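Look at the sequence and structure first, then read the points below.

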Amino acid sequence: MIVINYENSHSGEYLSLIEMKYKAQKNYVYFLNDLKSTIAFSEKYQNPHFIIIKDGENVVGHCALILDSNLKKGEAFFGFLDVIDDFNTFKILWQSLIKLAKSKNIRILKGPINATAWHQYRVMSFSDNSDFFKSELFCEAYYYEFYKTQQPSKEILYHSGFRENFKFLISLTEPAYKAAIENGLIIDEIKNISYEQLGEILDISKVVFKDNWAYTDLSMESFESLYSSQKLSTHLNKIYFLRSGDKILGYLSSLIENDDTLILKTIAILPEFQGKGLGNALVYKAHLDAQEKGYKNIIYALIREDNNIKNFPKEEAVVFRKYSTFEFNI
């Protein structure tokens, strides 16, 4: 095997490995287009260094050291990591990554992250073998064990779940919705996101998620490169904006997986308005709409285990995937 280091992407070789591993997967085209956009993002706004492992002419491993200037000194991301099911190949790839990181005076690696923690990341630690849903990072089951052999200093846990019966949740959250409306709050339902509304989403997200693990600041330009109005509107079911007069207090977004299934993605309420049931008001509206439109399933995507969503009712909800991200002291 040979190891090749590039200071810029040779995405054609990387994508050949992606095609070999994932082409048969449902939602492959969505995943591939998303992956291409994150590679372009990283090359434009970060300082990635790519490593490719070849066995003859075949690419058998790929990763990137991502030197994001928003991170603390001595820290870096790693990501865009895919490798065949062979521990020795992973070990060569990982040792090459560590060697490269140390040469750049990196002491802490965070990941795996494809460009930024605003976007696709995490490695799968459990699955019921169901198809990957839209916006979920494709991953191999054996990756988790590979990473664990490298003794991470920190592991951050997430999960995705689904619910088939919305009646319980609707009845539970209806009082919060009625209270919000009685207090003069308004929920706007948006299908086609404007540039200005995209900016409002960014502004709220910066405030709500600034203390999240691996958070890095994004400019409007860089945010739009990941979440353009056109891209959001193509796959979006709705974004629900909760507002008081002209002030946006929070939002909830949902994507269309198929004719039967919605994906609930981000829910964000400004800190000064949290604890008042406003998140439940958005949850009520989204689930009521889903029920009225005949959706049979809702996926709750990529929930961090230790955030406030832990109080989200779990009756009739099934966790079907678990994930981790890691930090490594090198």
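At 8% relative accessibility, Cys139 counts as buried (buried means under 20% relative accessible area, exposed over 50%, partly exposed in between, with a 1.4 Å probe and protein chains only). This is a predicted model, in which local features need pLDDT of at least 70, side-chain atom pairs count only at pLDDT 80 or more, and totals for chains, interfaces and linings use all residues. Residues are numbered from 1 along each chain as its sequence is written, and side-chain values use heavy atoms, leaving out hydrogens and water.

**Cysteines**
- The whole structure has zero disulfides (a disulfide is a pair of cysteine sulfur atoms within 2.5 Å).
- Cys63 is in no disulfide, and its nearest cysteine sulfur, that of Cys139, is 14 Å away.
- Cys63 is buried, with a relative accessible area of 0%.

**Helix H1 (residues 11-22)**
- The twelve residues of H1 should span 16 Å at 1.5 Å a residue, and the end C-alpha atoms are 16 Å apart, which agrees (the expected span is 1.5 Å times one less than the number of residues; helices are DSSP runs of H or I, at least four residues, and strands are runs of E, at least two, numbered from the N terminus).
- Buried residues of H1 include Leu15, Leu17 and Ile18.

**Helix H5 (residues 167-182)**
- The buried residues of H5 are Leu169, Ile170, Thr173, Ala176 and Ala180.
- Just after H5, Gly184 has a positive phi of about 85°.
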